[in-house]
Structure formats: structure tokens, C-alpha cells
Amino acid sequence: MNRDTAMTNFLMNAVNQVTPYGSLTYKQTGSTFQPSKTGDQYWFNKGTGQYLNYDPFAKSRTTSSTGDTVATDAFSRARNSGGAPAGTGGSMGLPPTYASKGAPGGTGGSMAGITNSTRPGTTGGKTDFGKPEDWTQVQGFNTPTFTAYQELSPTQQRLYDLTNQIGINLGELGVSQSKRLQGIMGADFKLPGGAMPTLNLPKGAIPTLDTNFGAMPELNLDNEAVESRLMELGRKRLDPALDARRKSTEQDLYNRGVRMGSAAYENAMRGVSEGENDAYNQLALTGRNQAVNEAMSKYGADMQGRGQLMNERMAGYNAAMQGRGVQTNEALAAYNAAMQNRNQLNNEYLTNRTGPINEIYSLATGSQVQQPNFVNTPGTQIDPVNYAGLVGQKYQADMANYGAGLSGLFGLGSAFLGGMFPSDERLKTDKKKMGETPDGIGVYQYRFKGSPMMQLGVMAQEVKKKKPEAVARHPAGYLMVDYDKV
């Protein structure tokens, strides 16, 4: 029963598909016999390798007392009565007749390549089963094998053939052109630019700056000689004036009757002495200030001479460095020009050498052999019979195979409904980015799963991020792109 359920699941999953671009068809092409003591009974022809689920010579093996032929095995009787023998899960009837040619019964060998064309032949309008002794009973499971056929529409087949022919032409052209490599690769690889240029910097020592400007001038404010001389000159004029003032004061006091030794006399003369002291102090201060001014004037003159010497030496140093810099710049300009000329010669040589190699490589990569891509075989599960879930399983299987079929046929290069093209990256494989559109959308080389033909286009998921109005979702769940809006 479980085996019948598994077969039913498989047949429900193996949905033939037809689209404007081609078709996907499942066909039974043979069977595989697995010996098992719990399996069904079959008749096996050792000479032809054929299996039948009935005895083709049952009538000739046993005859009843009335002269009628009687089937001697339960399976032949079940076949004659339209039923199934006990213990065979017979509610669904006997399995179909799988006439096959392959390994003998009991070997468990593979029956790959077996087709229904291996049924017994006919002679004179009757089936030729050979001799009764050629057939023996075996017990096991004879499971059919199926093959999925993909067939393109005439237009798409033409496109496919042209694509293959282009690849062949490119490959043959690459072979013929590769002979050019013998001469190119046989020649010594020597760049024509010559020796590396030399950088001739100015010779001689770098100018130096003589910073020996002599000892720094000293500012000497302790000029006693100047002060003494000024004091001497000042007293020659000050002393007579002060002496005359003192005598005039004494005469005035005497005339007024103020006598020497009196308090009034002492007070008056004290004022004269203080005035004389102030006059001498003022003379001393004036002399010192003049001496300081003379010392500062001399110091300033010395510093000015030192600065002039420094400026003259800096001017000479800068002139020498400027001349050396001009020579250095000229040497660098000549070196850069020589290097540029050398690099140009080398690049031209490398271009001429590698150009043919790149051309041949491009031709070779344009004619690569594509690995075959097989459609997914519908899976079968041997589970307890669940009639309530069969309808749901069939629906899910039909939808899965429908999507798988579409993914195998959408790569055929034709327009889709409403100007939209299937462009979901989940439908594609062997993706390689080749460039970008002006809007920054990647342009890829790819194949649709199940198709050997390389195509050029965009990925719907990437287009959706930048131009969602150009993307739509198909009822089957994949994304499509309107290329007119990209």
C-alpha cells in the first residue's frame, strides 16, 4: 500500500509543463527490479531479461478435467478475475505490466535504459513469448523509472543553436589565433626603455651660513668717569652761585638784626644748606642721565652694525641656496622627462605583447563548455496513506514543479507577459557583474537555472531598491522587471 502511495505521489509530482518557450515532459523509460520476499510475484525470462506480472503460459501449464485451462498461481487468477491476490495490497488492483530487460531476478541489478519497447515481439499477429521453460517466478518490487525531457520551441531552439555555434566559432578562432603566441612568447622579454635614468643633483657642498658675528656689544651704565667730569664742569658754575647766595643771605640776616648763633639765624642758614644740597643732587642726576644716554647711544650703534653684518651674510646665503635650488629643479625636471619617456616606450611594448594574448583569452572564455543542468527529480515519500492530505500535497507539488519548470524555461530569451521579464536573482545562477547602468544598477551575465544559455540583464532585487516602479511580482512568487523603465 505504501509503495502504491509513493508511486501515486511521484506521478502527481511529475507534471508535464508547456510554455511558449518550450516544454518539460516526464516519460517512463524503464524499470528497476528489487528482489524481496515481501514483494510481488513476477515472471522473469532469463533469455530476454523481461518481467511480466502474469504467467504468459499459465493456460498451457495446467488443464482442468473439463479441458479448460486453469491458472495455477494466485497472480494469474487475480489477473483473470480483475482483482488482486491476498497480501498484495490489492485494493488498487495489480500494478501495470512492466516489460523490461535488465539484470536477472534475484541480482538486484539496475535496469537503466529499459523501455516498454522491450515487450515480447509478435509473430504472425500473435505475441511471441518464447518457450514456457524460459519463464521462472521471482518475488520483489519492479519499480518504474522515468526520464525528464526538456524541449525548446522552434524559435528558442534556433536561438540556442546559434548561441552554441557562436561559442564554437569563437573557440576555433581562438585556436587559430593562438599560433601567433609562438612567435610572441618565443621572443625574449626585454623592455625597450633602456637603463634607468640618473638624477644628477648639483655637486659641491651645500652653502653654509657664517653666524660668527663677533661678541655681543655690552651696555655699560657704570660710567663714573663721565659722571665725575660732568660734576666737575657743573660745580665750576654752581659753586660761585651758591657761595654768592650764602653771603647774600648772611648779609640780609645781619641787616635785619639776626645775629649768628641765634635760632632765626640757624633756621635761615639751614634752608640755604638744603638748597645747596638739592642743587648738587640735581647736578649729579643730570650727569648720570647724560652718561646713560651716551652709553645707550653707543650700544645702539654697535647693535646696528652687528645687524647689518648679519643681513649681508643672510643675503649671500639665500642667493647661494636659490642658485642651488634652480639647479636641483632643472635636474629633477630632466629626470622626470626621461622616466616618462622610458615608461611610455615600455607601455607600448607591453601593449603590443599582451594585446594578442588578451584577444585569444577573450575568445577562449567566450567558448567555455557549459556543465549540464538537470531538472530536479520529483521526490517520493513512502508514508502511511493519508488521503486527507493528498489533495494539499498534490497542490503544493504542482506549484513547486510549475515554478521549477518555469525556472528552467525562462532563460530562453523571449518577452514575458505585459513587457515584464522574469529577473528574480533566485531563478539565476553563474552570476557575474559586467558593469552598471547610468543609474548605478548592476548589469550581470547569468544563466537561468535549467538553461545552458548565458544572458545579460539586471537583478530584480537590486532594481527594486532604486526603481521599485519597474518591478512587479508574479503570482508564482518571483520578481519580474520592465526593462523599458530601467
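**A first look at the chain**

Me: How many helices and strands are in the chain?

Reply: The chain has 9 helices and 12 strands. Keep in mind that this is a predicted model.

Me: What share of the residues is buried?

Reply: Of the 486 residues in the chain, 29% are buried.

Me: Which residues form a nonpolar patch on the surface?

Reply: Leu-199, Leu-201 and Leu-332. Together they have about 230 Å² of accessible area.

Me: Where is Leu-332 found?

Reply: In helix 7, which covers residues 263-365.

Me: Staying in helix 7, is Arg-342 buried or exposed?

Reply: Arg-342, also a helix 7 residue, is buried. It has no salt bridge. Glu-348 is the nearest side chain of opposite charge, 13 Å away.

Me: What does Arg-342 touch?

Reply: Leaving out residues up to four places away in sequence, Arg-342 touches Gly-193, Gly-194, Ala-195, Met-196 and Pro-197.

Me: New topic, helix 4. How far apart are its end C-alpha atoms?

Reply: They are 34 Å apart. Helix 4 has 24 residues, 154-177, so at 1.5 Å a residue it should span 34 Å, and the two values agree.

Me: Which residues in helix 4 are buried?

Reply: Gln-156 is one of them, and Gly-167, Gly-171 and Gly-174 are buried there too.

Me: Last one. What share of contacts join residues at least 24 apart?

Reply: It is 70%, among contacts between residues at least 6 apart in sequence.

Terms used:
Residues are numbered from 1 along each chain as its sequence is written. This is a predicted model: local features need pLDDT of at least 70, side-chain atom pairs count only at pLDDT 80 or more; totals for chains, interfaces and linings use all residues. Side-chain values use heavy atoms; hydrogens and water are left out. Helices (H or I, at least four residues) and strands (E, at least two) are DSSP runs, numbered from the N terminus. Buried means under 20% relative accessible area, exposed over 50%, partly exposed in between (1.4 Å probe, protein chains only). Contact means heavy atoms within 4.5 Å. Patches are made of residues with over 30% relative accessible area and no salt bridge: like charges are joined within 9 Å, nonpolar side chains (Val, Leu, Ile, Met, Phe, Trp, Tyr) within 5 Å. Accessible areas come from the Shrake-Rupley method with a 1.4 Å probe; for residues, only the protein chains shown count as cover. A salt bridge is a side-chain nitrogen of Lys or Arg within 4 Å of a carboxyl oxygen of Asp or Glu. The expected span of a helix is 1.5 Å times one less than its number of residues. Lys and Arg count as positive and Asp and Glu as negative; His and the chain ends are not counted.
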